[in-house]
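Before this entry goes further, I would like to share some comments on its local geometry and packing. Please read them with the coordinates open beside you.

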Amino acid sequence: MNLSAREIGPSERQRFNAFLEQSPKGHILQSWEWGEVKATTGWVPLRLIVEEDRQIVAAISLLKRKLPGINRSIFYAPRGPVLDIGNERVFKFLLGAVRELARKHHAIFLKIDPDIPVTNTAFIEFLHSQGFRPAETEEGFEGVQPKYVFRLDLTPSLTQLFENLHSKTRYNVRLAIKKGVKIKTNCTKADLPTFYRILVETAERDRFLIRSYAYFETMWDQLVPPGYAKLFLAEYEGIPIAGTLAFIFGDKAWYIYGASSNQYRNVMPNYLLQWTMIEWAKENQCRLYDFRGVPGPVPEDHPLYGLVRFKKGFNGDYTEFVGEYDLVYAPFYYWAWNTAEPLYAQGIRKLIALRKKLRKSR
């Protein structure tokens with residue numbers, strides 16, 4: 001049968017999402033709604049589908065960023081594209097359609113970081129055969145996804161999943177319950193400021209940057225109404241002391257944001273929050289729970305080893321993805337981008353650090 005490709009508009013939102021949700025490699029970051037979230041931060045979402053016999057066989061949500069002053073742009077497909085990655089005929093056709101779109105929008109390159117384990121050498125060989133090149137930036141590319149995660153297979157029963165926890169993790173979940181920690185699972189948007197206040201406290205303690213409150217409001221407005229996101233708050237003696245934001249799409253769930261107060265950390269709210277989210281994912285027929293990013297292999301004295309140990313305690317599989325790959329359409333501008341963008345990102349980080357320092361000194 002003949003393949004055809006075309007851009008789609010809002011009238012096909014549900015059809016687009018339905019294809020992604022049933023696809024083994026469908027991802028929330030390829031959803032229509034995630035594109036709308038990113039549209040508030042300067043990206044322009046473009047959705048492309050490939051059809052065969054009037055059925056969608058491939059889809060990609062492209063985020064376009066226009067570069068100032070040079071009439072050029074970049075394309076980024078977070079955790080995309082979505083298709084049967086073993087079907088090289090469809091994959092090549094999709095890439096041809098993206099190239100046509102890139103020509104129309106003067107795109108310098110396409111960046112992808114697909115949900116494919118690094119052990120899939122056939123996929124990596126295919127990327128190279130199509131002209132993709134590895135592009136490990138580690139930092140400085142807005143929206144880049146973690147290369148290393150822990151993932152939990154949810155097909156066993158809840159009883160078995162709990163028994164599979166590391167003994168210390170199981171102990172801490174029970175300790176939180178014994179201490180009287182309660183998880184609020186019916187949060188509304190009125191609870192979002194509480195979560196954000198705790199997140200700010202966490203960021204200042206652990207020295208990482210967070211997005212604005214307006215960004216979290218946008219995520220709520222786009223993802224909570226269709227059932228793609230859920231907020232959890234842990235309370236102790238009636239006081240909110242920790243919170244998490246999780247995504248769910250098709251039969252997969254992701255732990256996205258976590259926050260914990262400086263108070264009452266000894267009652268282990270984060271352990272009970274994680275277990276509650278696992279229960280929630282299981283109740284919603286998910287087959288996979290993703291704990292999201294961790295660093296690559298690190299020694300026990302590494303600053304982030306505590307994060308690794310915490311997530312590892314839930315007995316998920318340590319997964320390394322193939323990482324970032326770029327398909328270059330304009331070599332000179334690509335060289336210029338790789339030269340200028342890191343300097344720009346460093347400047348932005350210094351500016352943010354200076355603003356925080358000035359704010360604290362007031």
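Predicted model: local features only at pLDDT ≥ 70, side-chain atom pairs only at ≥ 80, totals over all residues.

1. I begin with two helices, α6, which covers residues 167–179, and α9, which covers residues 269–283; they pack at an angle of about 100°, and their axes are 8 Å apart. Because angles of 65 to 115 degrees count as roughly perpendicular, α6 is described as roughly perpendicular to α9. On the α6 side the residues that meet α9 are T169, N172, V173, A176 and I177, and on the α9 side their partners are Y271, L272 and W275. Sorted by class, this contact of α6 with α9 comprises six nonpolar and two polar residues, with no charged residues.

2. A second pair to inspect is α2 (residues 32–39) with α8 (residues 213–223), where the packing angle is about 155° and the axes lie 9 Å apart. Since angles over 145 degrees count as roughly antiparallel, α2 is roughly antiparallel to α8, and the crossing of α2 past α8 is right-handed. From α2 the contact draws on E33, W34, E36, V37 and K38, while α8 supplies Y215, T218, M219, Q222 and L223. In this contact of α2 with α8, five residues are nonpolar, two are polar and three are charged.

3. Where in the chain does P81 lie? This proline is found in the loop that runs between β4 (72–77) and β5 (82–83), and the peptide bond leading from G80 to P81 is cis, with an omega near -5°.

4. If neighbours within four places in sequence are left aside, E21 is in contact with Y228, F249, G250 and D251. As for its relation to F332, which is 311 residues away along the chain, the C-alpha atoms of E21 and F332 are separated by 38 Å.

5. My last point concerns T319, whose place is in strand β14, residues 317–320, and which counts as buried because its relative accessibility is 12%. A polar atom of the T319 side chain lies 3.2 Å from the backbone oxygen of D317. Which residues does T319 touch, not counting those up to four places away in sequence? They are K147, Y148, V149 and R151.

Terms used. Residues numbered from 1 in each chain as written. Heavy atoms only, no water. Axes fitted to C-alpha atoms, helices over the stretch in contact; angles between N-to-C directions. Helix = DSSP H or I, 4+ residues; strand = E, 2+ residues; numbered from the N terminus. Parallel < 35°, antiparallel > 145°, perpendicular 65-115°, else oblique. Contact = heavy atoms within 4.5 Å. Nonpolar A, V, L, I, M, F, W, Y, C, P; charged D, E, K, R; others polar. Left-handed = near helix turned anticlockwise from the far one by under 90°. Buried < 20%, exposed > 50% of the residue type's maximum accessible area, 1.4 Å probe, protein only. Polar contact = N/O pair within 3.5 Å; in protein donor to acceptor, adjacent residues only side chain to side chain.
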